[in-house]
Amino acid sequence: MTTKIALSTKKERLLTLGTICGLILLLITSVALLDLEVARFLSRWQDAGTILAKFMTLDFSKIIPALGQLFVSLCMAICGLFIGWLIALVLSFLGAANTTPHLFLSMLIKGSVAVVRAVPALVWILIVVASLGFGNTSGVLGLVFPTVGYLTKSFISSIEEQDAAIIETMQATGAGWLQMITEGLLPNLSSRFLAWTSFRLEGNIAESISLGMVGAGGIGMLLTRAIGQYNYGEISMLILLIFFTMISVELGIGQVKKRMR
């Protein structure tokens, strides 16, 4: 017995050592393939103080248009979230294994969602902008795809974790599919769905800023222009504005979650 334990411990140590060596080798290979210009980076480090000093000179002369474009970004994030939430809500109950009308439909939805999630959000945004042109409509549609992918996957996971007894009891009483969802599952899932939705809202706001940087409107457009003009004071002001917005959203969502408990 003692010998088996000793062999098992030795195997675990060898496995751990092998994993560490593999990760170190992977890191070395990555650095070699990337050909990182460390020497050039260190040579420019002496200019960091000068650049940082320029960023410290905040320029609030354009705060009014910045607030306007920030509001546009927030509106795009909320619209994209609402549309994506509605689509994800329907797809999740059709795609969950314990609520789907047919197994093939569940597999089809899960496969489609996996494809949507495999494509980065910025790529979806670029595709929509390239197809429909610049504007707020393209921004909203560009946010719908990643929202649907994220929420559908999350909602399906929450639905499939539900106690099978709830569904069986509803079916035994003769409840229909829609009644089983609205009266049996949704009351238990509302808090989880709210949590997933709040997480996605934070992501949508962050991605809505990227929208402007590819021509879909919002505060990202101002940030791109300021960067192109090397207007360090305006860049700092916009970054500060975005930072406080994200903090405010996170605190607000936290308060909502506390009230929901």
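Student: What pattern does the chain follow when read along the sequence?

Tutor: In this predicted model, where local features need pLDDT of at least 70, side-chain atom pairs count only at pLDDT 80 or more and totals use all residues, the chain follows the pattern α-α-α-α-α-α-α-α-α-α-α. Residues are numbered from 1 along each chain, and side-chain values use heavy atoms, with hydrogens and water left out.

Student: How many helices and strands does the chain have?

Tutor: The chain has 11 helices and zero strands, where helices (H or I, at least four residues) and strands (E, at least two) are DSSP runs numbered from the N terminus.

Student: Why is F243 called partly exposed?

Tutor: Buried means under 20% relative accessible area and exposed over 50%, with partly exposed in between (1.4 Å probe, protein chains only); F243 has a relative accessible area of 46%, so F243 is partly exposed. This residue, F243, lies in helix α11 (residues 232–260).

Student: What is the span of helix α6, and what span is expected?

Tutor: Helix α6 (residues 121–132) has 12 residues and reaches 17 Å from its first C-alpha to its last, close to the 16 Å expected at 1.5 Å a residue, the expected span being 1.5 Å times one less than the number of residues.

Student: Which residues of α6 are buried, and what puts them on the same side of α6?

Tutor: The buried residues of α6 are A121, W124, I125, V128 and V129. They cover an arc of only 130° around the axis, which puts them on the same side of α6; the arc is that of the directions from the helix axis to the C-beta atoms. The face turned away from the buried side of α6 carries the exposed residues A130 and S131.
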